[in-house]
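Biologist: I would like to go through this protein with you. Could you start with a single residue and then widen the view?

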Amino acid sequence: MKLQIIKTKDGYMVEHTEGAELGDYVCDPAGNNLFDTQSEAEDLMHTHLMTFGTDADNGMGTLEWKPLWDAMDANPSEWTPTTEKMYWEMLSAVPPRAHTNGAFLVGEASHSNAEGRTMYAGFKKTGGQFYAKYLTIEQFKREAT
């Protein structure tokens, strides 16, 4: 599956560029296929690829979750590098608990820290790189903006 973002005079669209769906436009769950920003179109494109594409379609290898969780546990104060696929997989798994500026907290809590505070897996996209870290909601508000 190959998709591309196209800019029209009215906004941005995501178009199929091969196969039986060649020339068709991808719609969001509400049926919209025209977006005001390129970022909205990119979010739809990535969500569509993660939902309907295969790893080979997306140019990505096998997803390795355990090493990511282990690295986040080992370095709790640092943002751990991760993959674009992991970022989009977690964003599309459940509605985010919080979301801003390319960063989000996974909608389901991960665990409680030593102080009894609820921790969430947080992900962010910065300059084309992707990172993950366990955060409280308060930490996310400080670090994600």
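Predicted model: local features only at pLDDT ≥ 70, side-chain atom pairs only at ≥ 80, totals over all residues.

Biologist: Which element does Met86 lie in?

Modeller: Met86 is part of helix α3.

Biologist: How far is the C-alpha atom of Met86 from that of Trp65?

Modeller: The two C-alpha atoms are separated by 8.1 Å, while the residues are 21 apart along the chain.

Biologist: At what angle do helices α2 and α3 pack?

Modeller: Helix α2, residues 65-74, and helix α3, residues 84-93, pack at about 90 degrees, and their axes are 12 Å apart. That angle makes α2 roughly perpendicular to α3.

Biologist: Which residues make that contact?

Modeller: From α2 they are Trp65, Leu68 and Trp69, and from α3 they are Met86, Glu89 and Met90. Sorted by class, the contact of α2 with α3 has five nonpolar residues, one charged residue and no polar ones.

Biologist: Let us turn to the loops. Where is Thr136, and is Thr136 buried or exposed?

Modeller: Thr136 has its place in the loop between β8 and α4 (137-143). With a relative accessibility of 5%, Thr136 counts as buried.

Biologist: What does Thr136 touch, leaving out residues up to four places away in sequence?

Modeller: On that basis, Thr136 touches Leu105, Asn113, Arg117, Thr118 and Met119.

Biologist: What is its phi?

Modeller: Asn101 has a positive phi of about 45 degrees, although it is not a glycine.

Biologist: A charged residue next. Where does Glu15 lie, and is Glu15 buried or exposed?

Modeller: Glu15 lies in strand β2, which covers residues 12-16. Its relative accessibility is 16%, so Glu15 counts as buried.

Biologist: What are its contacts, again leaving out residues up to four places away in sequence?

Modeller: Glu15 touches Lys2, Leu3, Gln4 and Ile6, as well as Gly23, Asp24 and Tyr25.

Biologist: Finally, the whole protein. How many helices and strands does the protein have, and in what pattern?

Modeller: There are four helices and eight strands. Along the sequence they follow the pattern β-β-α-α-β-α-β-β-β-β-β-α.

Biologist: What share of the residues is buried, and what does the accessible surface come to?

Modeller: Of the 145 residues, 35% count as buried. The accessible surface is about 8,400 Å², and 49% of that belongs to carbon and sulfur atoms.

Biologist: And what share of the contacts with a separation of 6 or more joins residues 24 or more positions apart?

Modeller: Such pairs account for 41% of those contacts.

Terms used: Residues numbered from 1 in each chain as written. Heavy atoms only, no water. Helix = DSSP H or I, 4+ residues; strand = E, 2+ residues; numbered from the N terminus. Buried < 20%, exposed > 50% of the residue type's maximum accessible area, 1.4 Å probe, protein only. Contact = heavy atoms within 4.5 Å. Areas by Shrake-Rupley, 256 points an atom, 1.4 Å probe, with all protein chains shown as cover. Axes fitted to C-alpha atoms, helices over the stretch in contact; angles between N-to-C directions. Parallel < 35°, antiparallel > 145°, perpendicular 65-115°, else oblique. Nonpolar A, V, L, I, M, F, W, Y, C, P; charged D, E, K, R; others polar.
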